[in-house]
Amino acid sequence: MKYSVILSLLLFIFPAWFEQYTKDKLIVFASLSYYGSDFDNDKRCDFSVWDNNTSTLYYQLSSNQQFYKRKFFETRIPYEPVFADYDGDRKTDQAFFHRDSGQWIINYSSKPDIQEKFFLGSLGDIPIPTDINGRGVQDPTIWRPNNSTWLLTAVEKDGSKSKKVILEGSYQDAAFSADFDGDKKSDLIVWRPDDGFWHIVKSSADFDFSESEHIKHGEERDIIVPNDYNNDGKCDLVFWRPDDQTWYFRYTGPNESSQIKFGYKNDIPLSCDVDGDSVPELITWSRAKRSWNVLNFRKQESSSYKWEVPESSIPTVSILQSYE
Ligand SMILES: [Ca+2]
Ligand SMILES: [Ca+2]
Ligand SMILES: [Ca+2]
Ligand SMILES: [Ca+2]
């Protein structure tokens, strides 16, 4: 990834221009909405945005169409959402990670009065939910770019806790976990913007790096939006290209490719199942208009919703890797 090098060079040459260029300029390169966003467990997506300036979550439940606003932190310390189901009740838990200290704060949906706080990771680490033993429950994990390491925690079926260290990835990769091989256990995946390669360390190969898959799909400045878009239980490698507003699909099982043009320049792409048929819809969020754009590509139907939220709000994607 050469953004930082180019940008710092430009900063050196054109400081005034750079300031103008970067004002409100958010460059997203990974939008990892694979973990879902279903707070009420009706199998349909609950839309939500996070305003980092006020530590406030705005969301709408699909079951009653009501809007909710919840302020989580009084300080302006930047916490980032790592939403997933950590207690296994199929409701997405509103969890946060503090990047400077490695603190996790999990609000379990099954225990509304309890907020669990613990430390896992430190400065520079990326928080990632994983389910490496296929229990249907996500466990907190971190990926450490500085030494290319996953630090996995897992609760085994007998209730005992285990830890695992796996080597994978390099600095400025986008890392996430998803079931790629279809055994219901998370595989550990990184996407390298420099060359567009996805590197997949598979649970079915007991996380043996020498048996990992390497697939080229995408290039620098694309935004990865992986999910299981044909509902065959295998995560598909998908990216959205801001330059042509096109989604590029590579379906894992049948190994087929397709493309769909949807969205507007400068949107943030994500995916989530809105109608409950287990196939995620293509979604983009427009920061300028503060609107959701949704495409159900099976039914060929699109819709748009405007929300009254602060301009600094962005979609509450479980892991949004970006440069500001
Ligand atoms: Ca829902
Ligand atoms: Ca839950
Ligand atoms: Ca699939
Ligand atoms: Ca759907």
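Me: How many bridges join β23 to strand β24?

Reply: Strands of a sheet pair through backbone hydrogen bonds, either parallel or antiparallel. In this predicted model, where local features need pLDDT of at least 70, side-chain atom pairs count only at pLDDT 80 or more, and totals for chains, interfaces and linings use all residues, residues are numbered from 1 along each chain as its sequence is written, while chains are lettered from A and ligands numbered from 1 in the order in which they are written. Strand β24 (residues 301–306) runs antiparallel to β23, and 6 bridges join the two. Strands (E, at least two residues) are DSSP runs, numbered from the N terminus, and two of them pair if DSSP finds at least two bridges between them. Within this pairing, Ser291 stands opposite Lys306 in β24. The hairpin of β23 and β24 has 4 residues between the strands, and Gln300 in the turn has a positive phi of about 60°.

Me: Which residue stands opposite Asn293 in β23?

Reply: That residue is Thr284. Strand β22 (residues 281–286) pairs with β23 (residues 291–296) in the antiparallel sense, over 5 bridges. In their hairpin, 4 residues lie between the strands, and Arg290 takes a positive phi near 50°.

Me: In what order do the strands of the open sheet lie?

Reply: The order of the 4 strands is β13-β14-β15-β16, with antiparallel pairing. β13 (174–178) and β16 (213–216) are the edge strands, each of which pairs on one side only. From one strand to the next, the twist averages 20°; axes are lines fitted to C-alpha atoms, and angles run from 0 to 180 degrees between N-to-C directions. Inside the sheet, β14 (residues 187–192) and β15 (residues 197–201) pair over 5 bridges, and Val190 stands opposite His199 in β15.

Me: Why does Phe239 count as buried?

Reply: A residue is buried if 20 or more other C-beta atoms lie within 10 Å of its own, exposed if 12 or fewer, and partly exposed in between, with C-beta atoms placed from the backbone. Phe239 counts as buried because it has 27 C-beta neighbours inside 10 Å. Phe239 is found in strand β18 (residues 237–241).
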